[in-house]
Structure formats: structure tokens, C-alpha cells
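Please look over the sequence and the coordinates before reading on.

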Amino acid sequence: QVQLAEFGGGSVQTGGSLRLSCATSADTFRRVCMGWFRQAPGKEREGVAVYYTGSLSTYYSDSVNGRFTIFQDNYNNTLYLQMNGLKPEDTGMYYCAAAPRPCSRGRWADYHEYNFWGSGTAVTVSS
């Protein structure tokens with residue numbers, strides 16, 4: 001069974017930074033589309049950034065491109081999301097997700113594409 005363990009949420013002021021991490025097993029970490037979604041209260045879950053561990057390709061939502069960076073640590077089987085320049089609209093629950101296939105250029109942000117989910121970590125950005 002695939003398990004994803006998220007860490008790193010918290011509260012910051014506008015312009016601050018946080019780093020989220022998502023740890024999994026070595027078997028899971030090979031050749032998966034893995035990344036982050038977020039959900040604000042009353043809103044649908046949206047794709048933030050994903051990373052295909054097989055080819056190192058990445059996709060970002062327009063709202064975070066240039067501020068967030070997704071990267072992996074193969075030694076620790078961990079995926080990170082470095083979030084800089086945080087804004088109040090970045091507030092929400094952040095979920096790590098994984099799918100056992102390459103990321104789809106056209107569908108990477110559709111949460112239905114992902115088979116496995118972490119329990120989420122809360123991010124709050126105050127103005």
C-alpha cells in the first residue's frame with residue numbers, strides 16, 4: 001500500500017516562505033507522477049505542482065509559477081515544495097498525491113488522475 005507522509009505546513013505572513021515535504025517508500029518513488037494539490041475552504045481541490053520522478057519533468061499552476069519550486073531528494077525518497085513569496089490566496093490544506101505513471105501534460109492538475117493521497121498539511125498566510 002502506498003503511503004504518503006506530509007510535513008511542513010504552518011502560518012506565515014505575506015511574503016514569507018515555507019517548505020513542504022512528502023515522504024514515501026523507495027518503491028513508490030520510482031517513476032511516479034507525484035506532487036501537490038491544495039484546497040481552500042469552499043473551493044475545489046486544485047493542482048499546484050507535480051513532478052515525474054522518471055524524467056524529472058515538472059508542471060506548475062500559473063498562480064504559483066515563479067514562486068514555488070518542486071524538487072526531489074532521491075536519498076530520502078522525499079518530494080519537496082519550496083514556497084516563496086506566499087500570498088493570502090495560497091492559504092489552504094495542501095495534499096501530496098501520487099499516480100503510478102508519467103504526469104499528463106494536459107491533465108496533471110486534475111485530482112481524479114491520482115490514486116494515492118496524503119492526509120494533508122495546513123498552510124495559512126496572513127496579510
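The model is predicted, so local features need pLDDT of at least 70 and side-chain atom pairs count only at pLDDT 80 or more, while totals for chains, interfaces and linings use all residues. Residues are numbered from 1 along each chain as its sequence is written, and side-chain values use heavy atoms, with hydrogens and water left out.

**Nonpolar cores**

A nonpolar core is taken here as a set of buried Ala, Val, Leu, Ile, Met, Phe, Trp, Tyr and Cys residues joined through side-chain atoms within 4.5 Å, where buried means under 20% relative accessible area (1.4 Å probe, protein chains only). The largest such core has 24 residues, and those with the most contacts inside it are Met 34, Trp 36, Val 48, Phe 68, Leu 81, Met 83 and Tyr 94. At least two residues of this core come from each of β3 (18-23), β4 (33-39), β5 (46-52), β7 (68-73), β8 (78-83), β9 (92-99) and β11 (121-126), strands being DSSP runs (E, at least two residues) numbered from the N terminus. A second, separate core of 10 residues includes Cys 33, Val 50, Tyr 59 and Cys 103.

**Aromatic pairs**

Rings of Phe, Tyr and Trp (its six-membered ring) pair if their centres lie within 6.5 Å, with planes under 30 degrees apart counted as stacked, over 60 as edge-to-face and the rest as tilted.

| Pair | Centre to centre | Angle between planes | Class |
|---|---|---|---|
| Phe 37 and Tyr 114 | 5.0 Å | 70 degrees | edge-to-face |
| Tyr 59 and Trp 108 | 6.2 Å | 15 degrees | stacked |

Because Phe 37 lies in strand β4 and Tyr 114 in the loop between β9 and β10 (116-117), their pair ties together parts that are 77 residues apart in sequence. Phe 37 is buried at 0% relative accessibility, and Tyr 114 is buried at 7%. Tyr 59 lies in strand β6 (residues 57-60) and Trp 108 in the loop between β9 and β10, so that pair ties together parts 49 residues apart in sequence. Ring pairs also link Phe 37, Tyr 95, Tyr 114 and Trp 117 into a cluster.

**Largest pocket**

A pocket is an open set of points on a 1 Å grid over the protein atoms alone, where a 1.4 Å probe fits, with protein on both sides within 12 Å along at least five of seven lines; lining residues have an atom within 4 Å of a point. The largest pocket holds about 160 Å³ of space, and the residues that line it include Arg 38, Lys 43, Glu 46, Arg 67 and Asp 90.

Methods: Points joined across faces, edges and corners; volume = space filled by probe spheres on them. Buried < 20%, exposed > 50% of the residue type's maximum accessible area, 1.4 Å probe, protein only. Helix = DSSP H or I, 4+ residues; strand = E, 2+ residues; numbered from the N terminus.
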